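Let's take a walk through this structure, one part at a time. Have a look at the picture first, and then we'll go through what is there.

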Amino acid sequence: MNKNRNRFLYSTVPSLIAILAGLVFGAILMLIVCLMDKNITLGGFWDGARLLIIGFLSKGRDELGNLMFGYNGTHLGNMLFKATPLIMTGLSVAAAFKAGLFNIGAPGQYLMGLTASIVIALAIPSASVPAGLILVLALLGGMVAGAVWGMIPGALKAYLNVNEVITCILTNWIAANLSTLIFEGSAFINNTEPGKSGFLYKTAANGVELPKALLDKVFPGSQVNSGIIIAVILAVIMYFVISKSICGFEMRLCGSNREAARYCGINENANIIMSMAIAGALAGIGAALYTLSGNTEFAWSTYQKLPQVGFNGIPVALLGCLNPIGVIFTGMFMSALEINGQQIANLTAYNEYITSIIIGVIVYLSAFTKYIRGVMMHRRKKGGTKK
Amino acid sequence: MDNMHDHAVEMLHIDKAFNDQKVLDDITFQLERGEIHALLGENGSGKTTLMRILFGIFKADAGEIKRDGATVEINNANDATALKIGMVHQHFELVEVYTALENIVLGAEDTRHGFLRKDLARKKLEGLISNYGLAVDLDEKIENLNVGARQRVEILKMLYRDNDVLIFDEPTAVLTPGETEELLQIMRNLKAEGKSIIFISHKLNELLAVSDRITVIRKGKYIGTVRAADTDEQTLSEMMVGRSVQLEVVKTRSNPGEPVLEVKHLVCASAFSEKNAVNDVSFRVRAGEIVSIAGISGNGQTELIYALTGLLPVKSGQILLCGQDVTESTVRKKSENLSHIPEDRQKHGVVMEFNLADNMILRRYRQDRYQKAGMVKKDAIREYAAGIIEANDVLCTGGVDSVMAGMSGGNQQKAVIGRELDMDRPLIIAMYPTRGVDVGAIEHIHKRLVQERDNGKAVLIASAELSEVMKLADRILVMHEGEIAGRLDPEKTTYEEIGLYMAGAKKDEKEDEWYE
C-alpha cells in the first residue's frame with residue numbers, strides 16, 4: 001500500500017509543483033504589470049489574481065463592481081468542451097512517449113483529422129444519408145487520417161532510422177499546406193454569410209453534430225457535448241491498453257529497450273509504426289470531436305500556422321505524467337486556464353496576453369517534472385530511512 | 001596513534017539501510033597507504049554501496065570515514081575528488097567523440113582567457129604515461145580506442161587529478177586475458193609509486209595475484225580481512241559464500257543423442273568490414289552434450305550466436321533446429337525451440353526501467369497462463385517471477401517490484417539465466433554465462449547447465465574464459481577470424497593448445513565431416 005502511495009506522490013507532486021510555480025510566476029508578473037501600469041490599481045491586481053485561479057467560477061461583477069463567484073455553467077461547459085481536443089492530443093503524445101517516441105507531430109495529425117472529418121461531414125448530403133451515420137463516418141475518417149499521418153514518421157523511423165522529431169515537424173507543415181490546398185476554392189467555404197469566406201461551413205449546416213447528451217442542461221449556454229464523454233472513455237481505454245494489455249506491454253518494451261524487444265521476438269519496426277498510428281489516431285479523433293460539435297468554425301487557410309492544441313498536447317501529457325487518467329485532469333486544467341484568461345481580459349484592465357504568458361510558463365515548467373521527481377527521489381535516497 | 005596515520009582511508013562501523021532493509025551492517029574497512037586492498041563479496045553483498053558511500057553518492061546512516069587519520073564528511077563526488085579519491089567505474093564514463101586528452105582534462109581544465117591550455121596537460125600526461133606504462137594515444141578519439149585503452153584513459157583521468165586513493169570497480173570484467181595481465185602490472189606500478197588501491201573483482205586468481213590484503217563482506221556484514229599470501233581460492237570462496245564451494249565442475253561423460261542444432265556452411269556479413277564475420281561455419285550440437293565455443297572476443301562468436309537466435313540475418317548456409325530449417329525464421333519462431341542467455345544482458349537480456357516481474361515474463365507474456373484476451377494477468381506474472389527469484393537465489397530488496405536498474409549486475413545475470421533455463425527448450429545457447437557474477441553464483445550456473453545437459457538438452461556456450469570452457473565443455477570449437485580453427489576434446493587438449501588456435505597460430509584443415 002505504502003509503495004502505491006509513494007508512486008502516486010512521486011508522479012503527482014512534481015506536476016503540482018510545476019503548476020503552482022507557473023501560477024505564482026503569473027501572479028508576480030501581474031503584480032509587476034500592476035505597479036507599472038497606472039490604469040491598474042492594487043484592487044485590480046487582486047481581482048486578476050483571483051480570476052487567474054478560479055476565473056471559470058466567475059459570475060461577472062455586481063452593482064458595486066465587486067467580482068462574484070459561483071457556479072457558472074457556461075464557463076464550466078466551455079472548459080469541458082475545450083478540454084476535449086486537448087485530452088486527445090495529450091493522449092496522443094503520452095502514448096507515443098510510452099513507446100519511446102516524441103510525437104511532436106500531433107498538430108499535423110490533428111489537422112489531417114480535422115480536414116478528413118469536415119470533408120466527410122459536409123460532402124455527404126444528410127438528405128440522402130442519415131446524419132448519425134455521417135457522424136460516425138466523419139469520426140472514423142478523422143481517426144484514420146490522423147493514424148495515416150502518424151504512420152509516416154513512424155515508418156521513416158522504423159525503416160530508415162530518421163529521427164521522428166524531424167519528420168514530425170516536416171509532416172506538420174505538409175499537413176498545413178495540404179489542408180489549405182484541399183479547401184481552397186472548394187464548396188465547403190462559407191460564402192453565404194457575409195465576411196465568413198475565411199471559414200468553412202459548420203458541420204451543423206449539414207445536420208451533422210455530436211449529441212448533447214443532456215450536458216447542455218447541466219451546463220446551460222455552453223458548447224459542451226458528448227465529445228468530452230467520448231474523450232474520457234478513450235482515456236480510460238488507453239490507460240488499460242498501455243498499462244494492462246499485451247499491446248501496451250510491447251509498446252513500453254520497445255520504448256524502453258528496442259534491442260531487448262527484438263530479443264523477445266517483437267517486430268520492433270512494426271511496433272514503432274503501430275505506436276505512431278495509435279498516437280496519430282488519437283489526435284485525429286480529437287480534431288473530429290472538436291469540429292463535429294457542429295458549432296465550431298474552421299479557418300481553412302492554415303498553411304502558415306499549425307493548431308496550437310496539437311502542441312499543447314505535449315505539456316498536457318507531461319503534466320499528466322504520461323498517464324492517460326492524469327491527462328484527463330491536465331487537459332481540463334489547461335482549458336480552465338484559457339477560460340480564466342478570457343475572464344481576466346473581460347473583467348479587468350489586464351489583456352489576455354498575460355494568460356498566454358502564464359500558460360507558456362507552465363508549458364515550460366512541465367518539462368521539469370521529471371527533474372523535480374529526480375530531486376525528490378534523490379533526497380529520499382540520501383536521507384535513507386527515517387524512523 | 002602513529003599507527004592510525006598509516007591508513008589512507010578508514011571506514012569505521014558503517015551502517016546503511018534502504019527501505020528499512022539493512023544493506024551494510026557495521027562494516028569496517030581500512031586501507032593502508034601504499035597497499036592494494038581487495039574487496040570481495042557476492043553480488044549484492046554491499047561492496048558497491050560501500051564504495052558509493054566513500055564516493056559521496058550515498059550517505060551512511062551511521063559510522064565514520066577517516067582520511068589520513070582525520071574524520072571527513074563526504075557529501076558528494078566533488079568532496080571525494082577534493083580528498084583525492086578517484087574511481088574507475090565498471091562502465092566507463094567517457095565522451096566518445098572527444099580525444100583521450102580532452103576526456104582526461106574534462107572538468108579539471110587549465111585555461112587561459114577561456115581557452116584550453118592543452119600543452120600543460122599534455123606535458124603532465126606524458127610524464128604519467130611513461131611513469132606508469134599506461135600506453136594511450138592522447139589525440140585519438142575515444143570511439144576509436146579499444147576497451148583496454150579506454151580503461152587506461154580512465155586511470156589517467158584519476159592520476160591527472162593527483163588522486164592517491166584509487167578505486168577499481170570490477171575492472172577486469174571487460175578485458176581479455178592479455179589486457180588483464182597488463183592492468184595488473186599497471187596496478188603494481190601505481191602501488192610502487194605510493195598510491196593506495198581498492199580493487200573490486202570476482203576473479204579470485206587476480207585478487208590473489210595482485211593484492212596485499214583482502215577484506216571479505218557477506219550480505220552486508222564484515223567477515224574478515226586476510227593477507228593474500230596466507231590464503232587461497234578455496235578459503236576465500238568459503239568466507240564469501242559462507243559454505244564450502246565447489247570450484248570444480250562435477251560431471252560425468254556426456255552421452256549425446258540426436259542432433260538438436262545443425263549448422264551448415266553458415267556465412268554472416270560483418271557490420272564493420274567487407275570480410276564476413278562468420279565464414280563457412282559448420283557444426284552440430286546434440287542432445288545431452290555441451291559444446292563450447294572458445295575464442296578471443298571479436299572473432300565472430302557474437303555474430304554466430306545472433307544468427308542462430310535470429311537477431312542477425314544469415315547471408316548463406318543453413319540452420320536446422322530440431323530437424324526444421326529455421327535459417328530465415330523470426331526470433332519468435334526460433335525461440336520456440338531455444339533459449340538464449342545473451343552476451344550483453346543490459347542490451348538484450350533485461351529492460352532496465354522495468355521491474356523484476358516484467359523482466360521475468362519477457363519471454364512468456366503471450367502464453368495463455370499470463371494473459372487473457374490480450375490483457376496481462378498481473379498476479380500470475382508476479383507469482384511466476386517470485387518463483388524464478390526464489391529458485392535462483394536472486395538478491396533484490398524489493399522482491400518482484402525491484403527495478404532492474406537498481407540491482408547488481410550479478411543478480412541481473414542470475415535472473416536472466418533463471419528465466420531462460422526455465423523456458424525448457426531443447427537447445428540452450430549461453431554467451432558469457434558467468435560474466436560479472438561471483439563464485440557462489442558461478443557454481444550455481446555451472447551446475448544448472450550441466451544439469452540441463454544431463455536432462456537431455458543440447459547446450460551451446462560461448463565464453464572468453466578458457467577455464468570455464470575447459471570445465472564445462474564436452475567438445476570445444478575454437479573460432480578465429482570467423483572460422484572454426486579447431487575442434488578439440490577438452491580431455492585431450494591443453495590451455496596452451498587452445499591458446500594457439502585462438503591466436504590463429506594453429507589451424508586445422510576443414511574436415512569432410514562438417515558437423516563434428
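Let's start in chain B, with a helix to pick out by eye. Keep in mind that this is a predicted model. H9(B) lies across E13, E14 and strand E16 (316–321) of chain B, and its direction makes an angle of about 120 degrees with E13(B). That's one sheet; now for another. Helix H9 of chain B, residues 301–309, also lies across E15, E18, strand E21 (427–431), E22 and strand E23 (475–480) of chain B. Against E21(B), the helix runs at about 150 degrees.

## The four-stranded sheet

So what does the sheet with E13 and E14 look like? Four strands of chain B make up an open sheet, in the order E14-E13-E16-E17, with antiparallel pairing. Strand E14 (278–286) and strand E17 (324–325) of chain B are at the edges with a single partner strand each, so one side of each has no neighbour in the sheet.

Zoom in on one pair: strand E13 (residues 259–268) of chain B goes with E14(B) in the antiparallel sense, over six bridges.

## The six-stranded sheet

Chain B also has an open sheet of six strands, and here the order is E18-E21-E22-E15-E23-E24 with mixed pairing. Its edges are strand E18 (338–341) and strand E24 (483–488) of chain B; each has a single partner strand, so one side of each is left without a neighbour in the sheet. On average, neighbouring strands of this sheet are turned by 20 degrees against each other, ignoring direction.

Ile290(B) has Val459(B) as its bridge partner in E22(B). There's another helix to spot here too: helix H17 (residues 495–503) of chain B lies across E15, E23 and E24 of chain B, at about 35 degrees to E23(B).

## Where chain A meets chain B

Now for the two chains together. On the chain A side, 25 residues are in contact with 37 residues of chain B. The area buried between them is about 2,700 Å², and carbon and sulfur atoms give 57% of that.

How many residue pairs are in polar contact between chain A and chain B? The count is 15, with both residues at pLDDT 80 or more. On chain A, the elements giving two or more residues to this side are helix H8 (227–244), helix H9 (246–256), helix H10 (258–263) and helix H15 (369–383). H9(A) gives the most, with six residues. Sorted by class, the chain A side has eight nonpolar, seven polar and ten charged residues.

## Salt bridges

Two salt bridges are found across the interface of chain A and chain B. In one of them, Arg366(B) pairs with Glu250(A), with 2.8 Å between the closest N and O atoms.

Over all chains, the structure holds 44 salt bridges. One of these joins the side chains of Arg122(B) and Asp139(B), at 3.2 Å from N to O. Arg122(B) is in helix H4 (residues 118–132) of chain B, while Asp139(B) is in the loop between H4 and helix H5 (147–160), so the pair ties together parts 17 residues apart in sequence.

Key:
Residues numbered from 1 in each chain as written. Chains lettered and ligands numbered in written order. Predicted model: local features only at pLDDT ≥ 70, side-chain atom pairs only at ≥ 80, totals over all residues. Heavy atoms only, no water. Contact = heavy atoms within 4.5 Å. Buried area = accessible area lost by both parts, 1.4 Å probe. Salt bridge = Lys/Arg side-chain N within 4 Å of Asp/Glu carboxyl O. Polar contact = N/O pair within 3.5 Å; in protein donor to acceptor, adjacent residues only side chain to side chain. Nonpolar A, V, L, I, M, F, W, Y, C, P; charged D, E, K, R; others polar. Pairing = 2+ DSSP bridges. Axes fitted to C-alpha atoms, helices over the stretch in contact; angles between N-to-C directions.
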